[in-house]
Amino acid sequence: MNITIVGTGYVGLVTGTTLAELGNSVYCVDIDEKKVEGLKSGIVPIYEPNLEEMFLRNIQAQRLFFTTNLKEALDKSEVIYLALPTPPGEDGSADLSYVLKVANDIGEMITEYKVIVNKSTVPVGTADKVKEVILSKTHIPFDVVSNPEFLREGFAVEDSMNPARVVVGSSSDKAKEVMSKIYQPFTNTGVPIIFMDEKSSELTKYASNSFLAVKITFMNEIANYCEKVGADVDKVRLGMGSDDRIGNRFLFPGIGYGGSCFPKDVKALIKSGKDDKFHFQILEATENVNAAQKIILISEIEKYFGGNIKGKTIAVWGLAFKANTDDIREASSLDNIKILLEKGANVIAYDVVAENNVKKLIGNTIQYAKSMYEALENADALFIATEWPEFKNPNFDLMAKKMNNKVIFDGRNMYPLEIPEQNGFFYKSIGRKTIL
Ligand code: NAD
C-alpha cells in the first residue's frame, strides 16, 4: 500500500518506518526542511533504540521517502496518517491547530478518495472537526479514522512492531477494510484489532494515559506514606504487584511522571471534561500530587545541608524524562535543576543522550559532564533524576573518591538499601528509610 505520514517526530518517524518495514511504500512529510534534509541523507534526528537500523534498511529498499511537499506525497498515497503535535494550549486544552491546518491542506489538495488516519492524541470529537474542515474544501469522497498510538518512547520500535492491540475508530466500512489490510501483518500473528466509533477511540487514548498517570501517582503517595510510618515501598510494591488484578508495572515510585504525553494528556482530559461540564476529580488530584512529587527531594537536599545549598555543587545523573530516550519534555530533572540554581547551587549534569536537548533549552546555566563519574568531581551530593541502566551498578569506591561528600539523593530508587549502606553513603530515596 502507498501511505503518507504527515509529521516525522517520535510517532510519525517510527510509524512510517514500521509501515515501510511491513512492505508498504511510505512518504513522510514534514515542514521542518532541515529535518527532512537530514532524514533524506540517513540521519535519524531522535534517539530511539533500534530505529536507525530499520530506518536505513527501508531507505535502502526504497520503501521509505522524505519530503516537504505534501501534495506530492498525497498524490501517491491512498492513506494519510496524521502524526502532528497536539501540545497543551494556555488553558490546558490540546492545541488542534497543527492537525486542522493539515486537514485544510488535505481538503485543498486531494483529487481522489483517501483515508485520513489520525494518530495524534486528540480530544473526543476531533475526527468530526477534521471531517468538517476537509468537507469545507472539497467534494472528493474521504473518510477520517481515529487510530491512537500507544508506543512508549524508549521502546517505540518494539511497541510499533509488536503492539498489544490496535484501536481503530471508524464508522465507514470502506475505511475499516483499508485499516484491516494495513494491520493484517499484526492481526495475522494474533494482535487484536479493536474497532469502535471515533469518539470512543479518541477517548481510549486519553483514558489509557491518564490511568497510567494515576497508577504512578497513587504509588508515589503510598511511597510518601511509607516514609511517614516506617514501611518500605519496595516491599509494598512487590506485595501488591504479584496480584494480577493489579499487575507489577507502573508501580515504581519516584520523582513523578513527565514526558511529552502524560502531563499534557492528563491536562487535556481535565479541560475536555470542564468544557463538557464534567469534573475529573481524580485527575486534578493526580496533577497536584505529581507536581509536588517532582521536586520532593529538594527539601531533603536543603535539610541535609542545614537549610542552605548556596554554593554547593550538585551532580545530576540523568536529564531525560525517563531512560532510553533523549526526550526532555516535562522532565523532572529540569524542575529540580531550576530550583537548585535559584537557591544558588551549582549543577553539573550527565545524561547518556539528552545533553544536547537540554543545552538548547537552558544553555550553559549548568555544566555538562562527559561521563557519570566526571559529573561527580568535587560534588557535594549526587541527585539521580533518570533511571538509565548505566547508573544501576556504579563503582561506589570511585564515586567516593570523586565526591566531596558521600551523599546520594535518588529520585528513581536505583539501589537496594544495603548497597549504599555497605559503601558508607548517606542515601535518601523515595518511600524507604534514609541511610545515614
Ligand atoms: P513531535 O513534536 O516529536 O513531532 C511532530 C512533527 O510534526 C515535527 O517534526 C513537526 O515539524 C511536524 N509538523 C508540524 N506541523 C507540520 C505540518 N504542517 N506538516 C508537516 N509536519 C508538521 O511529536 P510526537 O511526539 O511525534 O507526537 C505526535 C502526536 O502523537 C501527539 O499528538 C502526541 O500526543 C501523540 N503521541 C506521542 C507519543 C510519544 O511517545 N511521543 C506516543 C503516543 C502518541
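This is a predicted model: local features need pLDDT of at least 70, side-chain atom pairs count only at pLDDT 80 or more; totals for chains, interfaces and linings use all residues.
Biologist: Which residue does UniProt list for "active site", and is Cys-261 buried or exposed?

Modeller: The unreviewed UniProt entry lists Cys-261 for "active site". This residue lies in the loop between helix 11 (233–241) and helix 12 (262–275). A residue counts as buried if 20 or more other C-beta atoms lie within 10 Å of its own. Because Cys-261 has 24 C-beta neighbours inside 10 Å, the class of Cys-261 is buried.

Biologist: How far apart in space do the residues of the UniProt annotation "binding site" reach, C-alpha to C-alpha?

Modeller: The annotation, from an unreviewed entry, covers residues including Arg-152, Glu-153, Lys-205, Leu-251, Gly-254 and Lys-322.

Biologist: Where is Glu-153 found, and is Glu-153 buried or exposed?

Modeller: Glu-153 is found in the loop between strand 6 (142–146) and helix 7 (156–161). Leaving aside neighbours within four places in sequence, Glu-153 is in contact with Tyr-10, Gly-259, Thr-325 and Asp-327. Because 24 other C-beta atoms lie within 10 Å, Glu-153 is classed as buried.

Biologist: With which residues is Leu-251 in contact, leaving aside neighbours within four places in sequence?

Modeller: Leu-251 lies in the loop between helix 11 and helix 12. With 19 other C-beta atoms within 10 Å, Leu-251 is partly exposed. Apart from neighbours within four places in sequence, the contacts of Leu-251 are Met-219, Arg-237, Met-240 and Gly-241.

Biologist: Why is helix 10 described as oblique to helix 11?

Modeller: Helix 10 (residues 198–229) and helix 11 have axes 9 Å apart and pack at an angle of about 135°. Angles over 145 degrees count as roughly antiparallel and those from 65 to 115 as roughly perpendicular, while angles under 35 are roughly parallel and the rest oblique. The angle between these two helices therefore makes helix 10, relative to helix 11, oblique.

Biologist: Is the crossing of helix 1 and helix 3 left-handed or right-handed?

Modeller: The axes of helix 1 (residues 10–21) and helix 3 (residues 51–60) come within 9 Å and cross at roughly 55°. That angle makes helix 1 oblique to helix 3. The contact is made by Val-14, Thr-17, Ala-20 and Glu-21 of helix 1 with Leu-51, Met-54, Phe-55 and Asn-58 of helix 3. The crossing of helix 1 and helix 3 is left-handed.

Biologist: How many charged residues does the contact of helix 12 with helix 13 hold?

Modeller: Helix 12 and helix 13 (residues 281–294) pack at about 145°, with axes 10 Å apart. Helix 12 supplies Val-266, Leu-269 and Ile-270, while helix 13 supplies Leu-283, Glu-284, Thr-286 and Glu-287. The residues of this contact divide into 4 nonpolar and 1 polar, and the charged ones number 2.

Biologist: Is Lys-277 buried or exposed?

Modeller: Lys-277 is placed in the loop between helix 12 and helix 13. Phi of Lys-277 is near 55°, a positive value in a residue other than glycine. Because Lys-277 has 6 other C-beta atoms within 10 Å, and 12 or fewer is the limit for this class, Lys-277 is exposed.

Biologist: How far apart in space are Arg-412 and Phe-383, C-alpha to C-alpha?

Modeller: Arg-412 is found in the loop between strand 13 (407–410) and helix 18 (418–422). Arg-412 is buried, with 23 other C-beta atoms within 10 Å, and touches Gly-254, Ile-384, Thr-386 and Glu-387, not counting residues up to four places away in sequence. Arg-412 and Phe-383 are 29 residues apart in sequence, and their C-alpha separation in space is 9.7 Å.

Definitions and conventions. Residues are numbered from 1 along each chain as its sequence is written. UniProt positions are given in the numbering used here, feature names are shortened, and annotations may be inferred rather than shown by experiment. Helices (H or I, at least four residues) and strands (E, at least two) are DSSP runs, numbered from the N terminus. Axes are lines fitted to C-alpha atoms, for helices over the stretch in contact, and angles run from 0 to 180 degrees between N-to-C directions. Two residues are in contact if their C-beta atoms, placed from the backbone, lie within 7 Å. A crossing is left-handed if the near helix is turned anticlockwise from the far one by less than a right angle, and right-handed if clockwise. Ala, Val, Leu, Ile, Met, Phe, Trp, Tyr, Cys and Pro count as nonpolar, Asp, Glu, Lys and Arg as charged, and the others, Gly among them, as polar.
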